[in-house]
Amino acid sequence: MRITLGADPELFMIDESGKFRASCGLIGGTKEAPIPIGIGDGFMVQEDNVAIEFNIPPSPSAKDFCDNMQKALTALMDGVRQRHNFQIVNVAAAQFPMEELQSEKAQVFGCDPDFNAWTGKVNPRPHADDKTLRSCGGHVHVGLEHKEKIDVKTAVKAMDLFLGVPSVLMDKDVMRKRLYGKHGAHRVKPHGCSYRDWE
């Protein structure tokens, strides 16, 4: 059985002073119509709230997955630096200046509902009392050639063990964990599933 891995990480930008800057109107692309990064088929980018979100093509091996992630990150870091003199930062959550949150895009939160593999129930939508708080995440997309032969919930539970637990130990951020990154979070997709606890 052929299995592929993809991802759609989100990233923030800061300017020379260290101020967080919204991607709105600067990067281009939307969830419905992402734009090519310009480094090959399947490498796409879009604005997601104030973050930059990128996609990599389905990867048939762990090495290809890592290579594709690095290739996309390098291209985006170079592009953001050259076009805007901004820097991409790897943080899970940040408080943005109010002036960066004035656009309509900066007020759009969340996506389609996701589900808990352990309970089978819909996860509640995140809510933050702090109106300046924004968070980044990333989902692992698992492509399954014969997904009817795989129990997606069991696969997601295994990903909790091998991806979710290590990510909790590695990520010291607490702001984002109040909103996202619950265990067992996933969506069933036409290609297989999207594991959403990798955040």
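**Exercise 1. Is Cys-136 buried or exposed, and what is its relative accessible area?**

Solution. The structure is a predicted model, in which local features need pLDDT of at least 70, side-chain atom pairs count only at pLDDT 80 or more, and totals for chains, interfaces and linings use all residues. Residues are numbered from 1 along each chain as its sequence is written, and side-chain values use heavy atoms, with hydrogens and water left out.

Step 1. Apply the classes: buried means under 20% relative accessible area, exposed over 50%, and partly exposed in between (1.4 Å probe, protein chains only).
Step 2. Cys-136 has a relative accessible area of 4% and is therefore buried.

**Exercise 2. Identify the partner of Glu-100 in a salt bridge, and state which parts the pair ties together.**

Solution. Step 1. A salt bridge requires a side-chain nitrogen of Lys or Arg within 4 Å of a carboxyl oxygen of Asp or Glu. The whole structure contains nine.
Step 1. Glu-100 meets Arg-21 at 3.1 Å, N to O. Glu-100 lies in the loop between strand 8 (93–95) and strand 9, and Arg-21 in strand 3 (residues 20–21), so the pair ties together parts that are 79 residues apart in sequence. Strands here are DSSP runs (E, at least two residues) and helices likewise (H or I, at least four), numbered from the N terminus.
Step 2. Glu-100 is buried at 14%, whereas Arg-21 is partly exposed at 23%.

**Exercise 3. Locate the salt bridge between Asp-67 and Lys-63.**

Solution. Step 1. The N to O distance is 2.7 Å.
Step 1. Both residues lie in helix 1 (residues 62–84), four residues apart, about one turn of the helix.
Step 2. Asp-67 is partly exposed at 38%; Lys-63 is exposed at 58%.

**Exercise 4. Describe the strand pairings of strand 12.**

Solution. Step 1. Pairing requires that DSSP find at least two bridges between two strands.
Step 1. Strand 12 (residues 185–189) pairs antiparallel with strand 9 (residues 115–116) over two bridges, Ala-185 being the bridge partner of Asn-116.
Step 2. Strand 12 also pairs antiparallel with strand 13 (residues 192–195) over four bridges. Arg-187 stands opposite Ser-194, and the two strands form a hairpin with two residues between them.
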